[in-house]
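Here is a briefing on selected features of one protein chain. Keep the sequence and the model in view while reading.

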Amino acid sequence: MNSLTALKEKLESNNHSHIKIGFTDIDGLMLGKYLKKSKFLSAIEKGFSFCDVALGWDIKDQLYDNAQFTGWHTGYPDTGMQVIPESERTLPFEDNIPFFLTEFTGDAEAICPRGTLRRVLSLADRMGFEVKAGFEYEFFVFNESRESAKAKGFKNLTMLSDDWCGYSMLRTSVHSEFHHGLLQLCETLNCPLEGLHTETGPGVIEAALQVDDALNAADKATIFKTATKIYAERQQRLATFMAKWSEDYPGQSGHIHISLIDKKTKKNCFYDDKKTHQMSDLQQYFVGGIQKILPESIALLAPTINSYKRLIPGFWAPTDSTWGIENRTTAIRVIPGSESTQRVEIRAGAADANPYLALAAALAAGLSGIQHQWQPSEAIEGNAYDQTHADALRFPTDLSQATQRFKSSDVLREQLGHRFVDHYSTTREWEVREYHRHISTWELDRYLELI
């Protein structure tokens, strides 16, 4: 209460009349609004109401016709929402207006992305673990405005830079104003970047966010993705985290690094200097859990129709639930090191995934592995794409298959909750149906004249 009192006093003396709040929907889009300061100050302690349609429509504001949680049958009532006081930031592109993250409460908490991650973290806590996590994102930047990209039909777009220039000193120096501005913005928004560099492909950049406690890490990943898009658009540029926007270039990943810390000893549970690759039994079980459940949870890590265009051989994305030691052709990369650096990297996720749900999926699988002491298969050596893997390890090849695997997963129902699994499944089924209603330019070009 002392900290809340201090926060309220701080905001009362602030010269802004309103406070901005934000939260993510199922797709990971940050939504929100401005609240009058007096209403926000009351909401800090008492919470506030928000229309639950934000959990009942898709990325284009089209209402789900198959959801049970909300819809015309419920009248789209208000639901509870609470402020996350420790998420306080100021927005430099809005005259430093105060900004806070919020999350759904009450009945809506069961399907709230942030609430879903908290449930999994509660299990980790009961098992005696603290969870550290770090996100890495690849994203393309275009020298296009939103309007110019639409006018071109999203074809023949001009990228921030041309040619394939991974880790280019030349490109980052030529466009240093863009890179330095993004680095500074992330520092200001308390989502600092540990690394920033060009990736292979024209105009593609990779950013590694600093490791943090898992919930903070997901908060920061969410803010980073939104802030990057705002930053680019304010410069008449366009940044995209779409999984694969062009058949000519690699897809865009959203890798997650995870380690478990013993709550009592504060030591890394994955590290054992007496084991090969310093890989403790707990890390073995954790990897075993992720490997076993990843094909069932891929709908959370690859949540769109487009996500599966990325999961193809030879383009730096895994196609099976494989693992290896320092192997970037596998879905799970074990990174051996010191007690402070031993960790697991989940490489299956696309950049378009909701950070809360992607982390919840990976962590739920890994913790299940520890609970059941699941051993992984033999580690992959060499190129995983050139090797044959068990059918059970194959990823679904499209969102429809992935959704049905997810929907029938006993482990994910236990860890994430039946209500979440049912609701998320209906949203992905809707996404598939919306796709199948669409007539693509590929179909028109292929069939209109000749058939």
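This is a predicted model: local features need pLDDT of at least 70, side-chain atom pairs count only at pLDDT 80 or more; totals for chains, interfaces and linings use all residues.

Residues are numbered from 1 along each chain as its sequence is written, and side-chain values use heavy atoms, with hydrogens and water left out.

- Helices (H or I, at least four residues) and strands (E, at least two) are DSSP runs, numbered from the N terminus.
- The expected span of a helix is 1.5 Å times one less than its number of residues.
- Buried means under 20% relative accessible area, exposed over 50%, and partly exposed in between (1.4 Å probe, protein chains only).
- Gly128 follows α3, with a positive phi near 95°.
- Helix α6 (residues 176–188) has 13 residues. From first C-alpha to last, α6 reaches 18 Å, close to the 18 Å expected at 1.5 Å a residue.
- Ser176, Phe178, His179, Leu182, Leu185 and Cys186 are buried in α6.
- An α-helix has 3.6 residues a turn, so residues three or four places apart point the same way.
- The partners of the buried α6 residues are β7 (129–142), α5 (169–174), β8 (193–198), β9 (204–209) and α7 (214–233).

- Asn190 follows α6 and sits in the loop between α6 and β8. Its phi is positive, about 55°, although Asn190 is not a glycine.
- Asn190 has a relative accessible area of 40%, so it is partly exposed.
- Asp61 is not a glycine either, yet has a positive phi of about 65°. Asp61 lies in the loop between β3 (48–51) and β4 (78–83).
- At 45% relative accessibility, Asp61 counts as partly exposed.

**Helix crossing: α7 and α10**

- Two packed helices are described by the angle between their axes and the distance between the axes.
- The axes of α7 and α10 come within 8 Å and cross at roughly 145°. Axes are lines fitted to C-alpha atoms, for helices over the stretch in contact, and angles run from 0 to 180 degrees between N-to-C directions.
- The crossing of α7 past α10 is right-handed. A crossing is left-handed if the near helix is turned anticlockwise from the far one by less than a right angle, and right-handed if clockwise.
- On α7, the contact uses Ala214, Ala218, Asp219, Ala221, Thr222 and Lys225; on α10, Pro355, Tyr356 and Leu359. Contact means heavy atoms within 4.5 Å.

**Aromatic pairs**

- The structure holds 23 aromatic pairs. Rings of Phe, Tyr and Trp (its six-membered ring) pair if their centres lie within 6.5 Å; planes under 30 degrees apart count as stacked, over 60 as edge-to-face and the rest as tilted.
- Phe23 and Phe104 have ring centres 5.2 Å apart and planes at 75°, so this pair is edge-to-face.
- That pair links distant parts of the chain: Phe23 is in strand β1 (residues 18–24) and Phe104 in strand β6 (residues 97–104), 81 residues apart.
- Phe23 is buried at 3% relative accessibility, and Phe104 is buried at 0%.
- Phe406 and Phe420 also form an edge-to-face pair, 6.5 Å centre to centre with 90° between the planes.
- Phe406 belongs to helix α11 and Phe420 to helix α13 (residues 418–437), 14 residues apart. Both are buried.
- One aromatic cluster is formed by Phe135, Tyr137, Phe139, Phe224 and Phe241.

**Charge over a ring**

- The charged end of Lys292 sits over the ring of Trp374, 5.2 Å from its centre. The criterion is NZ of Lys or CZ of Arg within 6 Å of the ring centre and within 35 degrees of the ring normal.

- Pro376 lies in the loop between α10 (355–372) and α11 (399–407). Pro376 counts as buried at 14% relative accessibility.
- Its C-alpha is separated by 3.9 Å from that of Gly288, 88 residues apart along the chain.
- Beyond neighbours within four places in sequence, Pro376 contacts Gln284, Val287, Gly288, Gln291 and Trp323.
- Asp78, in strand β4, counts as exposed at 53% relative accessibility.
- Not counting residues up to four places away in sequence, Asp78 touches Ser49, Phe50, Cys51 and Asp52.
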